[in-house]
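Below are my notes on the structure, as numbered points.

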Amino acid sequence: MEFVRDDTAVAWVPHGRGISPAQRAFMDRLTYAVPRRPLEDTMYDLLYIGLTILAFGVLWLIVKGVERFER
Amino acid sequence: MSSATAGWLQFALLFVALAACYIPLGNYIAKIFTTDRDWKVERFIYRLMGIDSKADQKWSTYVKSILAFSAISVLFLYGIERLQHFLLLSEGMPNVPPDTAWNTAASFVTNTNWQNYAGESTMGYLTQMTGLTVQQFMSAAVGIVVAIAMIRGFTRHHTDKLGNFWVDVTRCVFRLLIPLAIVGGLILIAGGSIMNFHPYETYTTLSGAHQTIPGGPVGSMEIIKDMGNNGGGFFNTNSAHPFENPNPFTNWFTIFILLLIPFATPRAFGKMVKDNRQGYALLAVMVIIWMLAVGGISFFEAHYAIGGATAAKLAHGATEGVETRFGAPGCSLFAASTTVTSTGAVNCFHDSLTPFGGGIALFDIALGEIAPGGVGAGMYGILILAIVTVFVAGLMVGRTPEYLGKKIRPTEMKYAALYFLTLPVVILTAAGLSIGTATGQRQIFNPGPHGLTEVVYAFASMANNNGSAFAGLGSGSMWYQTLGGFVMLFGRFAPEIFALGLAGSLARQREPVPLGPGTIDTRTPLFVGMVVAVILILVGLTYFPALALGPIAEGLH
């Protein structure tokens with residue numbers, strides 16, 4: 001069996017049509033750990049607090065939906 | 001003594017020790033949740049929080065209490081991580097970055113303990129103790145009390161009340177988890193796990209290099225990490241680190257403690273439904289699947305050399321990524337036990353398991369925490385699969401399916417179907433998004449089938465609250481951190497909503513259905529075999545495409 005590990009390069013190359021610089025920048029933000037400024041960190045804090053509320057809000061709605069289904 | 005013999009001895013000793021604890025611990029768990037008497041410390045907490053300990057909740061109130069408690073826990077833990085630099089005992093660590101902090105908060109509150117960070121270089125002592133370790137207690141307690149509420153669905157009639165979440169969780173922490181953690185923690189510390197508040201020390205090695213030796217309150221975290229099926233270690237290398245898991249005895253004890261509560265819970269179930277043979281039947285299902293997992297992984301790790309790999313032949317097994325103190329058998333037993341429970345602690349590198357060995361670990365996780373599963377989660381998971389089995393068997397003989405005197409009607413089956421379908425939907429959607437988008441693909445560092453296995457394993461592990469990883473995936477990126485956080489939250493709480501909804505539906509049924517000639521006896525070896533078959537077929541069919549294109553394709557290559 002051949003050795004499959006390859007830490008030197010990304011193995012799954014994105015295919016498809018070319019992507020715009022804006023998309024590239026967004027993907028870089030999603031992909032790599034980029035040093036952030038304090039204000040940027042605050043924005044991310046708000047984002048993740050909002051995502052927490054969103055996730056539990058959806059779960060809460062599932063409970064309400066099931067309650068309605070029961071009735 | 002050969003390493004294989006040592007491995008089998010470890011397994012035999014484990015089997016005997018778990019069997020010895022089954023009845024006393026199971027009876028004790030049942031007593032905790034059936035007695036009317038509150039301890040003084042519990043009464044104090046109820047008064048402090050304004051809880052009426054005698055007021056039971058209906059299923060939806062019970063589950064809303066869980067959601068509210070968990071949402072606040074996520075935000076509280078996120079806050080500790082983001083402010084740790086300004087808190088005591090930070091050991092100079094900077095604040096945790098927002099995406100890592102959120103992923104970690106979701107991870108520890110959901111009992112997953114997926115770690116996108118190295119503990120010794122990211123988290124200060126206070127964060128480890130008051131943030132992560134506290135959640136390791138609380139998330140384990142939440143899992144256990146959901147199982148207890150589910151069991152009450154079978155024992156109660158003509159009511160919509162399943163118990164009081166706040167009372168159950170308080171009792172679980174004070175009467176079960178803390179006492180066991182104190183005893184187990186002292187055993188681990190006596191065995192060599194470190195427990196101190198020493199600052200990190202730097203030494204010069206013989207070759208002139210500098211090496212930093214960390215300290216920390218490891219023993220107290222290590223015990224609940226394993227006993228609560230959490231899995232999140234103090235150090236990056238988890239149970240392969242000598243400060244967490246110093247020797248073969250602590251390694252054996254760690255495996256024992258992570259299986260202890262899940263394997264004792266069927267006894268508590270049998271005790272609560274007043275038919276211990278029902279507990280034995282479910283225990284048999286769990287033991288069969290656990291033994292298949294241990295045997296399978298051990299076989300492939302030990303016989304890797306069959307194909308002619310000389311190095312593996314000389315080393316008596318596949319030893320890449322294996323901690324030499326424990327060897328391939330110690331790794332295999334640990335890997336199987338940590339993936340059939342929702343623990344996720346590791347003492348070897350799962351990414352280095354042989355393709356079929358790793359495939360079994362992935363399949364274990366995909367089973368959905370049922371053999372014996374996570375603390376509590378295993379119990380409610382296998383109860384739902386027992387209901388599915390009764391339904392299938394009822395269809396085969398043309399009778400209305402019944403289980404423990406409860407009719408399994410379309411309503412119950414809808415809950416069971418929703419429960420079972422939630423995890424595959426969450427896992428395969430997240431994996432599909434990661435594989436099908438350029439952003440997700442960029443973090444896959446291994447080609448072909450192995451890369452696919454890593455992605456599927458990651459989301460299966462997160463959704464099933466396991467937390468172990470095939471580490472060749474760049475899951476520290478914002479994409480995987482954020483998506484992973486959602487996967488963990490929905491993978492944990494959505495099935496709990498459906499499990500408790502099902503329990504509420506069962507509890508509302510009026511009188512127990514009397515046993516008749518057409519009733520399937522759910523205490524027999526036949527039923528045990530049927531449950532095992534239903535589990536393996538359902539999970540196998542659900543994940544077969546992913547398994548075929550991942551570990552099976554790699555193994556046959």
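1. Asp41(A), Asp45(A) and Arg82(B) are linked in a network of salt bridges. This is a predicted model, and the contacts described here should be read as features of that prediction.

2. Are the two partners buried or exposed? Asp45(A) has a relative accessibility of 17%, so it counts as buried. Arg82(B), at 10% relative accessibility, counts as buried too. The cut-off applied is under 20% relative accessible area.

3. Over all chains, the count of salt bridges comes to 17. One of these is formed by Lys225(B) with Glu222(B), where the closest N and O atoms are 3.1 Å apart. Both residues sit in helix α8 (residues 218–227) of chain B, three residues apart, which is about one turn of the helix. Lys225(B) and Glu222(B) are both buried.

4. A further salt bridge in chain B pairs Glu323(B) with Arg325(B), with 2.8 Å between the closest N and O atoms. Arg325(B) has a relative accessible area of 28% and is therefore partly exposed.

5. Which residues make up the patch of positive charge on the surface? Lys31(B), Arg37(B), Lys40(B), Arg43(B) and Arg47(B) gather there. The most is given by helix α2 (residues 40–49) of chain B, which supplies three residues. Arg47(B) lies in that helix and counts as exposed because its relative accessibility is 65%. Residues of a patch, by the rule used, have no salt bridge.

6. Leu526(B) is part of helix α19 (residues 525–556) of chain B. This leucine has a relative accessible area of 64%, so it is exposed. Leu526(B) and Asp364(B) are 162 residues apart along the chain, and 23 Å separates their C-alpha atoms.

7. On confidence, chain B has an average pLDDT of 92, and 98% of the residues score at least 70. The model's ipTM is 0.92 and its pTM is 0.92.

Note on methods. Residues are numbered from 1 along each chain as its sequence is written. Chains are lettered from A and ligands numbered from 1 in the order in which they are written. This is a predicted model: local features need pLDDT of at least 70, side-chain atom pairs count only at pLDDT 80 or more; totals for chains, interfaces and linings use all residues. Side-chain values use heavy atoms; hydrogens and water are left out. pLDDT is the predictor's confidence in each residue, from 0 to 100. Patches are made of residues with over 30% relative accessible area and no salt bridge: like charges are joined within 9 Å, nonpolar side chains (Val, Leu, Ile, Met, Phe, Trp, Tyr) within 5 Å. Accessible areas come from the Shrake-Rupley method with a 1.4 Å probe; for residues, only the protein chains shown count as cover. A salt bridge is a side-chain nitrogen of Lys or Arg within 4 Å of a carboxyl oxygen of Asp or Glu. Lys and Arg count as positive and Asp and Glu as negative; His and the chain ends are not counted. The place of a charge is taken as NZ of Lys, CZ of Arg, CG of Asp or CD of Glu. Helices (H or I, at least four residues) and strands (E, at least two) are DSSP runs, numbered from the N terminus. Buried means under 20% relative accessible area, exposed over 50%, partly exposed in between (1.4 Å probe, protein chains only).
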